[in-house]
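Trainee: Could you take me through one part of this model in detail? I would like to look closely at the aromatic rings and what surrounds them.

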Amino acid sequence: QVQLVESGGGLVQPGGSLRLSCAGSGFTFRRYAMNWYRQAPGKERELVAGISSTGGGTTYADSVKGRFAISRDNFKSTVYLQVNILKPEDTAVYYCNALNRQEHGDYWGQGTQVTVSS
């Protein structure tokens with residue numbers, strides 16, 4: 001069965017940093033683009049960052065450019081999101097997504113809470 005297991009969330013002060021991890025299993029990880037989404041209370045889920053299957057291309061939401069960095073290790077079947085200079089507005093549940101349209105694959109992790117507060 002397909003599984004995406006996330007870790008690394010937590011409580012941090014404004015200006016702090018975290019590294020979120022998402023380990024995939026049950027599918028061919030290297031064939032999938034990986035994305036991080038987030039959802040704050042009362043708001044729609046939004047795409048934060050994405051990375052191509054090989055890691056050669058990335059995309060970021062304007063609100064996080066220069067602060068967040070997505071990366072992947074296909075040998076470990078893991079995608080990361082480094083989140084820096086955190087702001088209270090970054091508080092949300094962060095979700096890992098694996099997507100391969102050719103294989104009709106679209107998988108989601110359980111979400112991990114990031115709370116930025118002083």
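Mentor: Gly55 lies in the loop between strand S5 (46-51) and strand S6 (58-60); strands (E, at least two residues) are DSSP runs numbered from the N terminus. Keep in mind that this is a predicted model, where local features need pLDDT of at least 70, side-chain atom pairs count only at pLDDT 80 or more, and totals for chains, interfaces and linings use all residues. Residues are numbered from 1 along each chain as its sequence is written, and side-chain values use heavy atoms, with hydrogens and water left out.

Now to the rings. Rings of Phe, Tyr and Trp (its six-membered ring) pair if their centres lie within 6.5 Å; planes under 30 degrees apart count as stacked, over 60 as edge-to-face and the rest as tilted. The count comes to 5 aromatic pairs. One of them is tilted: Phe27 and Tyr107, 5.5 Å centre to centre with 50° between the planes. This pair links distant parts of the chain, 80 residues apart, with Phe27 in the loop between strand S3 (18-25) and strand S4 (33-39) and Tyr107 in strand S10. Phe27 is buried at 15% relative accessible area, while Tyr107 is partly exposed at 25%. Ring pairs also join Phe27, Phe29, Tyr32 and Tyr107 into a cluster.

Key. Helix = DSSP H or I, 4+ residues; strand = E, 2+ residues; numbered from the N terminus. Buried < 20%, exposed > 50% of the residue type's maximum accessible area, 1.4 Å probe, protein only.
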